[in-house]
Amino acid sequence: MKKNKISKNWINKHRRDIYVRKSKIEGYRSRAIYKLKEIDQKFKIILNGINIVDLGSAPGSWSQYLSEKSKNSKILSIDLKEVTKIDNVHHLIGNFMEEKNQSIMINFFGNNIDLVVSDMAVNTTGNKNLDAISTGELSMSAMDFSIKNLNKNGCFLSKLFMGSTFNEIVEKAKKNFKEVKIFKPPSSRKDSKENFIICKKIR
Ligand SMILES: C[S@@+](CC[C@H](N)C(=O)[O-])C[C@H]1O[C@@H](n2cnc3c(N)ncnc32)[C@H](O)[C@@H]1O
């Protein structure tokens, strides 16, 4: 299929999507909010007063939900892109993969992080396998960061694509966390290879 035909199909699908319409009505910046909300309703990961890192946060719907749901929490988000200000969320513009940015995040919380959520994904190339590998690398680094820096009872949530890195990431999660679950929220598009991994309590 030609590239402009693919994008036309995508635009039509996006317009018909009930979650897109709902997010506009409810004032959220992206339909992605409903994935986090559904994950939280099932796994109860967002609690009051905890320290939260939001990786790959632009345009900001997860941060909006975190800020609403978790009162008195300290929240730091990072993205390659700028994010319009959200109440109670500090935003860092930069590459999460750079060590200097990871140090800034750790110092911001004084080594006291309770929850890391990652919706990071590379710009899609149209090659679903390649996209899964590149996004897998981001998930793996987010997990490494979480294993090193989360509190003992902390929680790590990440987007994960079915693909060659999937098993490796799940295996690593099971070695390092006591509870590991894979979940595809109802609002995640059926034709997407996307899943989410929820990991609780460092071993
Ligand atoms: C699917 S979007 C996130 C949507 C967001 N959770 C929301 O609710 O609005 C994925 C984001 O990951 C970001 N990203 C990709 N690689 C990154 C990296 N190395 N460091 C920081 N952000 C990254 C992209 O810039 C993009 O904004």
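Q: Which residue in β3 is the bridge partner of D79?
A: This is a predicted model, where local features need pLDDT of at least 70, side-chain atom pairs count only at pLDDT 80 or more, and totals for chains, interfaces and linings use all residues. Residues are numbered from 1 along each chain as its sequence is written. Strands are DSSP runs of E, at least two residues, and helices are runs of H or I, at least four, numbered from the N terminus. Across from D79, the bridge partner in β3 is I93.

Q: In which sense do β2 and β3 pair?
A: Strands pair if DSSP finds at least two bridges between them. β2 and β3 have five bridges. Their sense is parallel.

Q: Why is β2 largely enclosed by the rest of the structure?
A: A residue is buried if 20 or more other C-beta atoms, placed from the backbone, lie within 10 Å of its own, exposed if 12 or fewer, and partly exposed in between. β2 is largely enclosed because of its buried residues, which number five of the six.

Q: Which elements each supply at least two residues of the shell around the ligand?
A: The ligand is surrounded by 23 residues, with A32, G56, S61, F96 and D119 the closest. A residue is near a molecule if its C-beta atom, placed from the backbone, lies within 6 Å of it. The elements that each supply at least two are α4 (61-69) and β2 (74-79).
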